[in-house]
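Here's a quick briefing to read with the sequence and the 3D view open side by side.

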Amino acid sequence: MSSPAKSEPPVMEKIVSLCKRRGFIYQSSEIYGGINGFWDYGPLGAELKRNLRESWWRAMTREREDVVGLDATIIMHPAIWKASGHVDTFADPMVDCLVTNKRLRADQIEPQSGMVYRFTGAAGADGASSSTAFSALAPAGKPRESALKTAKAFYAARGLKDPEPIGGETGEKVENSTAYNPENGAELTEPRMFNLMLKTHTGPVESEENIAYLRPETAQAIFAQYKNVVDSSRVKMPFGICQIGKAFRNEINPRNFTFRSREFEQMELEFFIKPDEAIEIISGKVAAWSESADLSEPQDDWGWEMWHRYWVAQRTAFYESIGLGKVIHYYWQSKEELAHYARACVDILCEFPFGTEELEGIAARGDFDLSQHQKHCGKPLEYFDEELKTAAAKLGDEEKEALIQRRIAAEQAKEKGALSEAEVRAWFERLFKGFYLPHVIEPSAGLDRMALAVIAKAFDQYEKTDGKGKPETITVLRLHPSIAPVKVGVFPLLKNKPELVAKAREVFGLLKGRLNAFYDEAGAIGRRYARQDEIGTPFCVTIDFETLGEQGPELADTVTVRERDGGAQTRVKTAGLAGWLLSRL
RNA sequence: GCGGGUGUAGUUCAAUGGCAGAACACGAGCUUCCCAAGCUUGAUACGAGGGUUCGAUUCCCUUCACCCGCUCCA
């Protein structure tokens, strides 16, 4: 299996072209010129996506006893996004440097002190001039020339040749200003808000009061309905709630085909676990993770770290099952990169033609989300753990105090987000009674990215000379059979022989209800194979004269099954054909 | 959001200030005993809006989309 060379940039273009030509992915609203950041799935893309979505759902819920599903609305109470932090963190004030056009976050600019020089314009060496005002800061200790140099760059960027700025003979002293770029002292634009959440209004009147957001992630719905699920579905800790659905982000710059788009589909699991302290009280210890740890079956003494590693292993197995095993990579976020509430986060990356990019993030988020919602909605979201209450009742005061002291020490060692001693004691008081907010492991995957990843991985082209010695390029989509949009093509060897056609229609009828089959009689047999290769169909069956019994009774009612990869042909009885194929998907 | 590039048929590409062409793909017919064969035949395009001009797909402006680099990516 050859993969396209990295140094060949048109690979992505070839994939985009194939996606459109064969009906996988189209530009949204294309007849009106398209709309930036939105993509539609055509007939084959819809099947592919459905297959991916269903394999995820099957692996996450149906094949497990400890995960249930949820299907929540896209528009939810705006307070959810307040509690989650999205209203604040999704609206970053941004400024642009007037010289380099670099965009910076206004709240992250280091305050500068020094002298500001104001220029009213500039004259160019060729007689042209500019009357655009500009100011630059010479940091404390730097001469006026430093500001002058920046001003020259500013006017030069606006088309003036060798510009001589006008004005700015004397400077004004400023202290701790964030209006200038720390890198070069250039004036910055006024801060502008960039809100990454898409907004709408509920009800007939558009007003501030009825603003609603299209969800920027599906996860928050799970937290918001966590209590209902606990109360209604008899789940016991640990357990998970998963959801597949659309999410929306007003990306400033959508890029790379469907990889970063404004409307996309997420597949998220929130797996709720007992806090490590509860595990220790119940089991006497918390299992320590090591490279050789057995992650195959969950154990009672697993803390967050084992559970996190377990889900990384589970998700890895999933990617292997859809044929991405060889192209995924891991990136473990460093302590500095982690959000303050997160304990660990690993990105599962995949090799795309445009680089190795994130497919899924698996975060250990502690109890941050539920505690935020508990605080904002004012309703207790604690889980009552009878087993924990019983175990805690057997602890002596000294043992309890040892646990508390250990936690206090751990909190004091934190650089940010540490709990006070009083908060720790209050938390343990609830814990010893059997109450806690569960911690959460969150594997969060992007369905559209996954679809793009499997297409990119499967895309294969090779050169071949045809019967006339003419070279041609053959395209094959080597999709894993389990996700291929069409599972089997059914062809009569010749379409002008009614017996063959009738038999082929009969075989097609046997298959179509059980797997996605495609009937084709147009063109030479080789062309029909090629058409199926290009859309990733793993099997083709051909009805020939042997099927009709013309070559002897032993071959009657057998068909040729041709495999996409390798082209191997096998004769299979029509009676067992559906089973034969299904066992190979 | 900034800078650069590109928009012609389903795809990949031509040509042109005066009737827009090819290859492949697609449809129909013939032919063909297994990997894009051949013959006949058919349908299909100048991203959108404005300007200049007797006349614009072509020149100019605006806009939209796509690609590359920067930026952004809770």
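This is a predicted model: local features need pLDDT of at least 70, side-chain atom pairs count only at pLDDT 80 or more; totals for chains, interfaces and linings use all residues.

Residues are numbered from 1 along each chain as its sequence is written, chains are lettered from A and ligands numbered from 1 in the order in which they are written, and side-chain values use heavy atoms, with hydrogens and water left out.

**Helix packing**

- Two packed helices are described by the angle between their axes and the distance between the axes.
- Helices (H or I, at least four residues) and strands (E, at least two) are DSSP runs, numbered from the N terminus.
- Helix α2 (residues 43–62) and helix α9 (residues 304–321) have axes that come within 11 Å and cross at roughly 140°. Axes here are lines fitted to C-alpha atoms, for helices over the stretch in contact, with angles running from 0 to 180 degrees between N-to-C directions.
- On the α2 side the contact uses Leu52, Ser55, Trp56, Ala59 and Met60, and on the α9 side Trp311, Arg315 and Phe318. Contact means heavy atoms within 4.5 Å.
- Sorted by class, that α2–α9 contact has six nonpolar, one polar and one charged residues. Ala, Val, Leu, Ile, Met, Phe, Trp, Tyr, Cys and Pro count as nonpolar, Asp, Glu, Lys and Arg as charged, and the others, Gly among them, as polar.
- Helix α8 (residues 276–283) and helix α13 (residues 421–432) have axes that come within 11 Å and cross at roughly 45°.
- α8 and α13 are therefore oblique to each other (under 35 degrees is roughly parallel, over 145 roughly antiparallel, 65 to 115 roughly perpendicular and the rest oblique).
- α8 also passes α13 in a right-handed crossing.
- Glu277, Ala278 and Ile281 of α8 touch Trp427, Phe428, Leu431 and Phe432 of α13. By class, this α8–α13 contact has six nonpolar, no polar and one charged residues.
- In α8, the buried residues are Glu277, Ala278, Ile279 and Ile281. Buried means under 20% relative accessible area, exposed over 50% and partly exposed in between (1.4 Å probe, protein chains only).
- Those buried α8 residues pack against α11 (386–393), α12 (397–413), α13 and β20 (435–436).

**Aromatic pairs**

- Searching the whole structure turns up 23 aromatic pairs. Rings of Phe, Tyr and Trp (its six-membered ring) pair if their centres lie within 6.5 Å; planes under 30 degrees apart are stacked, over 60 edge-to-face and the rest tilted.
- Phenylalanine 318 and tyrosine 319 have ring centres 5.6 Å apart and planes at 80°, so this pair is edge-to-face. Both phenylalanine 318 and tyrosine 319 are buried.
- Phenylalanine 508 and tyrosine 519 make a tilted pair, 5.9 Å centre to centre with 50° between the planes.
- Phenylalanine 508 sits in helix α15 (residues 498–512) and tyrosine 519 in strand β25 (residues 517–519).
- Ring pairs also link Phe271, Trp302, Trp307, Tyr310 and Trp311 into a cluster.

- Asparagine 51 lies in helix α2 and counts as buried at 14% relative accessibility.
- Beyond its neighbours within four places in sequence, asparagine 51 contacts Ser482, Ile483, Ala484, Pro485 and Lys487.
- Threonine 120, in strand β6 (residues 112–123), is exposed, with a relative accessible area of 52%.

**Backbone points**

- Methionine 237 and proline 238 are joined by a cis peptide bond, with omega about -5°. Proline 238 is in the loop between α7 (226–233) and β14 (239–248).
- Phenylalanine 257, which isn't a glycine, has a positive phi near 60°. This phenylalanine 257 is buried, with a relative accessible area of 10%.
- Aspartate 557 is not a glycine either, yet has a positive phi of about 60°. At 32% relative accessibility, aspartate 557 counts as partly exposed.

How values were computed. A crossing is left-handed if the near helix is turned anticlockwise from the far one by less than a right angle, and right-handed if clockwise.
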